[in-house]
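Colleague: Could we go through this entry together, term by term? I would like to hear what stands behind each label.

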Amino acid sequence: MTDIITETPAEQATAAASGTAATERFRSKQREAAADVDTNRVDTLASELLAAAHDIIRRHKVTYAEYDALKAWLIQVGEDGEWPLFLDVWVEHVVEEIANENRAGNKGTIEGPYYVPDSPRLPAEATLPMRENEEGTPLLFQGQVTAVDGTPLDGAHIEIWHADNDGYYSQYAPGLPKWNLRGTVVADEQGNFKIHTIEPAPYQIPTDGSCGKLIAAAGWHAWRPAHLHLKVSAPGHQLLTAQLYFRGGSHVEDDIASAVKPELILDPALAANGNGHEVTYDFVLDKA
Ligand code: MBD
Ligand code: FE
């Protein structure tokens, strides 16, 4: 595989291209195979989901024209490969809320569709892989990883991935180096890390696919606030999947994916060296 993920210079970021990549990524991971099929559980969940749909049809006297529009739209979501996007934007936040309701450490939030495992491993102080003249405000993101009892977690892994200054993710938009703005930072013996990167832009989900069509038809907006994605892990501790946002940034108050929590909002200050911003944020991991 070459370094640059692109076919032609004119290739555009399309809903179908990023959707197909996200669908392939999801298929390649094991999690989908993990759910055991328990007949009673499937009966309960599928029956209640269908009953909720029947109730909506009766309450709103849904017409055949509307039923056919829904059918056509559902078919198109699959053809666009946008099921990962649809589910992660409008459903995952509740699954995450239930999965992590008993954590004592950091709040987490949704993973979203654009995680890629096995990003390049980097030392405790590192600059994320980026283009020579990567646009955007420089950001120094630093902190410490500890257990709930305060013990520093020596060698914790901080996997970080985020969009560029145009709102694009490497491996899901054409023309970006494979690992652009993605890395696995290994904390020092005290659990400390210092990551040099740039601030991501707010992210607009693709408007040219079926999710975009729903948004336009319903009069919603397509925006997520600017965010850093993280997976923080250490042996013997629960993996933390989180996102961090920037106070005062656009759409922090009305994220289309409902994934903002007050504990996940950063307050960056001007950098000590005068170049961009810096912020400290510590991670606390629950025992496994
Ligand atoms: C994203 O970048 C994202 O994080 C989520 C949750 C959904 C769509 C795009
Ligand atoms: Fe994202």
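Modeller: Gladly, starting with a definition. On a 1 Å grid over the protein atoms alone, a pocket is an open set of points with protein on both sides within 12 Å along at least five of seven lines, a cavity is a set where a 1.4 Å probe fits but cannot get out, and lining residues have an atom within 4 Å of a point. This is a predicted model, in which local features need pLDDT of at least 70 and side-chain atom pairs count only at pLDDT 80 or more, while totals for chains, interfaces and linings use all residues. Residues are numbered from 1 along each chain as its sequence is written, chains are lettered from A and ligands numbered from 1 in the order in which they are written, and side-chain values use heavy atoms, without hydrogens and water.

Colleague: Which residues line the second largest pocket, and how much space lies in it?

Modeller: The lining consists of Leu-49, Ala-52, Ala-53, Ile-56, Ile-57, Val-62, Glu-66, Tyr-67, Leu-70 and Leu-74. About 500 Å³ of space lies there, a volume being the space filled by probe spheres set on the grid points, which are joined across faces, edges and corners. Helix 3 (39-60) and helix 4 (64-80) each give two or more residues, and helix 3 gives the most, with 5 residues. Helices here are DSSP runs (H or I, at least four residues), as strands are (E, at least two), numbered from the N terminus.

Colleague: How do the residues of that lining divide by class?

Modeller: There are 9 nonpolar, no polar and 1 charged. Ala, Val, Leu, Ile, Met, Phe, Trp, Tyr, Cys and Pro count as nonpolar, Asp, Glu, Lys and Arg as charged, and the others, Gly among them, as polar. The charged one is therefore Glu-66.

Colleague: What volume does the largest cavity have, and which residues lie nearest its centre?

Modeller: Its volume is about 110 Å³, and the structure holds 1 cavity of 30 Å³ or more. Of its 15 lining residues, Gly-112, Pro-113, Arg-224, His-227 and His-229 lie nearest the centre. Helix 5 (83-90) and strand 11 (227-233) each give two or more lining residues, helix 5 giving the most, with 3. By class, the lining has 9 nonpolar, 4 polar and 2 charged residues.

Colleague: Why are helix 5 and helix 7 called oblique to each other?

Modeller: Their axes cross at roughly 45° and come within 9 Å. Angles under 35 degrees count as roughly parallel, over 145 as roughly antiparallel, 65 to 115 as roughly perpendicular and the rest as oblique; helix 5 and helix 7 are therefore oblique. Leu-85, Phe-86 and Trp-90 of helix 5 meet Cys-211, Leu-214 and Ile-215 of helix 7 (210-218), contact meaning heavy atoms within 4.5 Å. That contact has 6 nonpolar, no polar and no charged residues.

Colleague: Which residues of these two helices are buried?

Modeller: Buried means under 20% relative accessible area, exposed over 50%, partly exposed in between (1.4 Å probe, protein chains only). In helix 5 they are Pro-84, Leu-85, Phe-86, Asp-88 and Val-89, and in helix 7 Ser-210, Cys-211, Gly-212 and Ile-215. The cover over helix 5 includes helix 1 (15-27), helix 4, helix 6 (92-99) and helix 7, while that over helix 7 includes helix 4 and helix 5.

Colleague: Why does Leu-264 count as buried, and what does it touch?

Modeller: Its relative accessible area is 0%, which puts it among the buried residues. Leu-264 lies in the loop between strand 12 (240-246) and strand 13 (265-266). Among the residues that Leu-264 touches are Lys-107, Gly-108, Gln-243 and Tyr-281.

Colleague: And why is Gly-108 called buried?

Modeller: At 3%, Gly-108 is under the cut-off and therefore buried. Gly-108 is in the loop between helix 6 and strand 2 (121-122), and its contacts include Glu-96, Lys-261 and Leu-264. Its C-alpha is 9.2 Å from that of Leu-230, 122 residues apart along the chain.

Colleague: What is the phi of Gln-171 and of Leu-181?

Modeller: Most residues other than glycine have a negative phi. Gln-171, however, has a positive phi near 75°, and Leu-181 a positive one of about 60°. Gln-171 counts as buried at 18% relative accessibility, and Leu-181 is buried at 1%.

Key. Axes fitted to C-alpha atoms, helices over the stretch in contact; angles between N-to-C directions. Lists of a residue's contacts leave out its neighbours within four places in sequence.
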